[in-house]
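Subject: Structure for you to look at

Hello,

Here is the structure I said I would pass on. Please open it first, then read the notes below it.

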Amino acid sequence: MRIQILADVGDGITLPVNYNHLLAGVIYRFLAESDPEYASFLHEEGYRAAEKRFKLFTFSQLMAERRRITGDKIHFRSTLTWYVSSPVERFLSHFADTLLIEGGLSLVQRQLPIRDVTIPRIPRFRSEMRFRCLSPIVMTTRREHHGKQAMHYCMPDDPVLSELIRQNLIRKHEAIHGRAPHDDTLTFAFDKAYIDRRQGRVTRLIDYKGIKIRGIMCPFRVTGSPALIQIGYECGFGDKNSAGFGMAEV
């Protein structure tokens, strides 16, 4: 499930272009005010599947009809739309409790009043679906670089991208349900025609607390297990979802 939040910016608000950490901070603060023990568990441990740990939530970029980027700042001049998503009822309940009590989002020492909070209709998950990104998709793996193992960010044409995303979704399913899905088939492909129109300019480099993260903003198609597709919709596709990556809409 996901929550849609509309926030009023008044005469406008200016944020750093790399604002993901600010939104993650809002989420953890809301959780801590509602249930400090759960917030600590999520931040320090998370949900486990084999050797991996997952927070099992994601969030979108901030969207507004009127916005402008100037250098390392982004200026919002109209109502902000923000989505937060998770399959975990406890997470959404604690987040929503504080959101409704406070009635606003605190960003860069500004309190932005909430205009509306809604729960969008959950789509019917089928064996083939198309999505567009609400935040960049990140998929990482380890590869040898100058004789050493190093973190590698997959690009849209990486031959292992689809399989890495499939494995990632299977592990998230195990973390949520305590077992592997009955159907673990999945293929993932970015829209090549869109990439060609954009002349390959579909990646974004985002600084998250000093860490440079390369993500992909491009429509994509997934085919296979509806259960795994739903996991991607609710938790995020790919890595680093709790830092604001991998959120998509039908």
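A residue is called buried under 20% relative accessible area, exposed over 50%, and partly exposed in between (1.4 Å probe, protein chains only). This is a predicted model, in which local features need pLDDT of at least 70, side-chain atom pairs count only at pLDDT 80 or more, and totals for chains, interfaces and linings use all residues. Residues are numbered from 1 along each chain as its sequence is written, and side-chain values use heavy atoms, with hydrogens and water left out.

S242 has 17% relative accessibility, so this residue counts as buried. S242 sits in the loop between α6 (226-235) and β18 (248-249); helices (H or I, at least four residues) and strands (E, at least two) are DSSP runs, numbered from the N terminus. Apart from neighbours within four places in sequence, S242 is in contact (heavy atoms within 4.5 Å) with A24, K55, F57 and F59.

A nonpolar core is a set of buried Ala, Val, Leu, Ile, Met, Phe, Trp, Tyr and Cys residues joined through side-chain atoms within 4.5 Å. The largest one here has 76 residues, and W82, F91, F95, F188, F220 and F237 have the most contacts inside it. Helix α1 (residues 20-34) gives the largest share of this core, 7 residues. Leaving out neighbours within four places in sequence, the contacts of F220 include M129, F131, F188 and F237.

The loop between β9 (104-107) and β10 (110-118) holds V108, and Q109 is in the loop between β9 and β10 too. V108 is not a glycine, yet its phi is positive, near 45 degrees. Q109, also not a glycine, has a positive phi of about 60 degrees. V108 counts as partly exposed at 39% relative accessibility, whereas Q109 counts as exposed at 84%.

Regards
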